[in-house]
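The following paragraphs lead the reader through the structure shown below. Please keep the sequence and the model in view while reading.

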There are 2 protein chains.
Amino acid sequence: MTSSKVGVRSRADVVAAAGRLFAARGYHGTSMRDLAKELGLIGSSLYSHIESKADLLVEVVEVGAELFQESADRAMATTGDGVARLRALVAGHVDVVLDHRDEVRTFLYEANALDEAHRGKVLAARDRYEHEFRTVLQAGADDGSMRADLDSRTAAIFVLSVLNAIERWYRPGGRLSRPELVEEILHFVMGGIGTDLASSKSA
Amino acid sequence: MTSSKVGVRSRADVVAAAGRLFAARGYHGTSMRDLAKELGLIGSSLYSHIESKADLLVEVVEVGAELFQESADRAMATTGDGVARLRALVAGHVDVVLDHRDEVRTFLYEANALDEAHRGKVLAARDRYEHEFRTVLQAGADDGSMRADLDSRTAAIFVLSVLNAIERWYRPGGRLSRPELVEEILHFVMGGIGTDLASSKSA
DNA sequence: CCTACCGATCGGTAGG
DNA sequence: CCTACCGATCGGTAGG
């Protein structure tokens, strides 16, 4: 927190500001002059810290990808049955989304503004992450802590759909605390909204 | 299906092409020259059909909003208990998403490129739509076809999270047919992935 | 629906 | 980190 007229502290500040703007207006909706203004600079001054706008997007998206991967790594190290590890995955995901909204939004929604090579890397990272969920869900089906006939592929997609949407509606300080949010999600994902009796007889 | 060199048929063709490009590259990632090329025209030729780029986004997004609203209206006219009407809402939503992917994507992800007035209208339309889900979920809780202690506000968000994510992963002609998709969603949403016994005891 | 064109803005560089 | 500047592209108009 130095005086705001002394200049930008580092490349990391530029990347962070880029994350903010990419998340709010999108990559193509953000100009380098917008970004410079956010930092109290003039457009051309950015280029002493970074190489290009495209490079900036790569950095922000990679931060998002790494945060999710690190979270998954920690969760997978959890001991316990499928449900216990799913809880760890969900809680970790919630933390990443709420503590790094800008990078998460950019990771989720701006990846197709990347060049083909980097977009491929990001899609691969998403696949790996989704695969961790599938592994845990299959483990749960096998160890008896989840429905035995569960389709882990589809279930992983559904669970991640709920998790990735969080940043679109959750407001910190609202009626749901963060731990309550985690519980609500687990409750929904594990038990659904049907009665305990009616839940099996659909169609 | 006239010869492709005779020129564009109507304003609706321009709007449809705009939907395609806005969905694929985003509003700010699409130039009027891109759009013209998609129709076999030159940039300036578009302006005999439309007023402005911003206007085009409004039209595409409004089509998306109307499709969802009409679908909800039909579903709400269904007789039956909460579960029956939820089924109708889900099936209708799946149809809208899969039959109008471009307009849906643009509606979901490009609304913040709208001017403030139109963005407000779109957010209001989303709120109305979400409210229909809440109504049906509360009805289900009251009529005994769903869990009695269900929080309809949160549940509506979770169900819509699953539904809105469909266009991000579902591929027609893949391993899941459309009716199977609807059943998978209902099964997940109603019963979750827990065992019938374990589903209640989370935390 | 095209030709010809407009002012504004884009990402980025040279040089200090 | 700024001054001064670049060629390219942007959304859009006049006039036919």
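In this predicted model, 100% of the interface residues of chain B are also interface residues in chain A, so the two copies meet through the same surface. Chain B is superposed on chain A by a rotation of 180 degrees with 0.0 Å of shift along the axis, at an RMSD of 0.0 Å. This is the relation of a two-fold axis. Within chain B, the C-alpha nearest that axis belongs to B:Gly192, at 2.2 Å from it.

The contact draws 47 residues from chain B and 47 residues from chain A. The size of an interface is often given as the accessible area lost when the parts come together. Here the area buried between the two chains is about 4200 Å², with carbon and sulfur atoms giving 57% of it. On the side of chain B, the residues that lose the most area to chain A are B:Arg147, B:Phe158 and B:Ile193, together 19% of what that side buries. Two salt bridges are counted between the chains. B:Asp151 forms a salt bridge with A:Arg175, with the closest N and O atoms 3.4 Å apart.

In soluble globular proteins, nonpolar side chains tend to be buried together. The largest nonpolar core in this model has 130 residues, and those with the most contacts inside it are A:Leu86 and B:Leu86. Beyond its neighbours within four places in sequence, B:Leu86 is in contact with residues including B:Leu186, B:Val189 and B:Met190, as well as A:Ile193. B:Ser71, located in helix α3 of chain B, is buried, with a relative accessible area of 3%. Residues up to four places away aside, B:Ser71 touches B:Gly92, B:His93 and B:Val96.

Over all chains, the count comes to 24 salt bridges. One of these joins the side chains of B:Arg11 and B:Glu51, at 3.2 Å from N to O. B:Arg11 lies in helix α1 and B:Glu51 in the loop between α2 and α3 of chain B, so this pair ties together parts that are 40 residues apart in sequence. B:Arg11 is partly exposed at 29% relative accessibility, whereas B:Glu51 is exposed at 52%. In chain A, A:Arg11, A:Glu51, A:Asp55 and A:Glu59 are linked in a network of salt bridges.

Another salt bridge joins B:Arg105 and B:Glu167, at 2.7 Å from N to O. This pair links distant parts of the chain, with B:Arg105 in helix α5 and B:Glu167 in helix α7, 62 residues apart. B:Arg105 is partly exposed, with a relative accessible area of 23%, whereas B:Glu167 is buried at 2%.

Finally, A:Tyr47 is found in the loop between α2 and α3 of chain A. A:Tyr47 counts as partly exposed at 42% relative accessibility. Neighbours within four places in sequence aside, A:Tyr47 is in contact with A:Met32 and A:Ser52.

Terms used:
Residues numbered from 1 in each chain as written. Chains lettered and ligands numbered in written order. Predicted model: local features only at pLDDT ≥ 70, side-chain atom pairs only at ≥ 80, totals over all residues. Heavy atoms only, no water. Core = buried A, V, L, I, M, F, W, Y, C linked by side-chain atoms within 4.5 Å. Buried < 20%, exposed > 50% of the residue type's maximum accessible area, 1.4 Å probe, protein only. Contact = heavy atoms within 4.5 Å. Helix = DSSP H or I, 4+ residues; strand = E, 2+ residues; numbered from the N terminus. Least-squares fit on C-alpha atoms with pLDDT ≥ 70 in both. Buried area = accessible area lost by both parts, 1.4 Å probe. Salt bridge = Lys/Arg side-chain N within 4 Å of Asp/Glu carboxyl O.
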